[in-house]
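Here's a short tour of one protein model. Have a look at the sequence and the structure first, then read on.

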Amino acid sequence: MKLAVFELTDCGGCALNLLFLYDRLFDILEFYEIVEFHMASSSKSKEKVDVALVTGTVSTQRDLDVLREARNRSEYLIALGTCATHGSVQGSVENAKEAFRRIYGDVKGPTKVLEPRPITEYVPVDFAIPGCPYNKEEVFQVLMNLARGVEPVAKDYPVCLECKLNEYECVLLKKGIPCLGPVTAGGCNAQCPALGLGCIGCRGPSMDANVPGLVEVLKEILPEEKIARKLRTFTRW
């Protein structure tokens, strides 16, 4: 199978995270030929691919052009990382387009600025793997499933479930630490609560998230404006 990685506007961490698979990257190469991956190679290709991984937000005209190319060339497109799935931090900045115009003036062409949005706003996405960064084991398993003809299954439970499965003490109820675990999609193995920290919501909202219920609990710890800021940091869209 042929695999391509397309990078839009982001910190570069999601593309780099693929290289941090280390030995498992060689397992992927048993099934895939990587025809384009700018983080690892200067090679470019225009051929059709079986799977496209797209990281970052659509923040410029160039991003939108690359995204449309990725969708047109791929049979199966995966939004990789919270920038691609929910807009992440830059997607939460209001009036980014106007701020850029004030600083740099009116820019046209490939660097024309667009309001930062997740790729899901522009093209159909076959699967989404959120996270800032995402769990490397999750993307490895998804790619292996696709190579074997198995449709990946999205995580439909919150981070709280992973805390309970790992028998972590609840940082919200036991320690009074603000935590978005009850409304955040699982898949990270509750890494922040494992360290005694509150979940920051980097994987976006879980299915059937009871946000009003969590807000009522958080009101005993934080003022409402700080709660709102926490909830929208990664997922304004």
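## The cavity

How many cavities of 30 Å³ or more does a search of the whole structure find? The search finds one. A cavity here is a set of points on a 1 Å grid over the protein atoms alone where a 1.4 Å probe fits but cannot get out; its volume is the space filled by probe spheres set on the points, with points joined across faces, edges and corners.

The largest cavity holds about 50 Å³ of space. Its lining (residues with an atom within 4 Å of a point) includes Leu-3, Val-5, Phe-37 and Leu-143. Strand S1 (2-7), helix H2 (23-29) and strand S2 (33-37) each give two or more residues to that lining; helices (H or I, at least four residues) and strands (E, at least two) are DSSP runs, numbered from the N terminus.

## Around Thr-57

Thr-57 sits in the loop between strand S3 (49-55) and strand S4 (58-60). Thr-57 counts as buried because its relative accessibility is 0%, and buried means under 20% relative accessible area with a 1.4 Å probe, protein chains only.

Leaving aside neighbours within four places in sequence, Thr-57 is in contact (heavy atoms within 4.5 Å) with residues including Leu-8, Asp-63 and Pro-116.

## Around Ala-96

Ala-96 is found in helix H6 (residues 96-104). With a relative accessible area of 17%, Ala-96 is buried too. Beyond its neighbours within four places in sequence, Ala-96 is in contact with Glu-115 and Pro-116.

## About the model

This is a predicted model, where local features need pLDDT of at least 70, side-chain atom pairs count only at pLDDT 80 or more, and totals for chains, interfaces and linings use all residues. Residues are numbered from 1 along each chain as its sequence is written, and side-chain values use heavy atoms, leaving out hydrogens and water.

Conventions:
Buried < 20%, exposed > 50% of the residue type's maximum accessible area, 1.4 Å probe, protein only. 1 Å grid on protein atoms, 1.4 Å probe; cavity = no way out; pocket = protein on both sides within 12 Å on 5 of 7 lines; lining within 4 Å.
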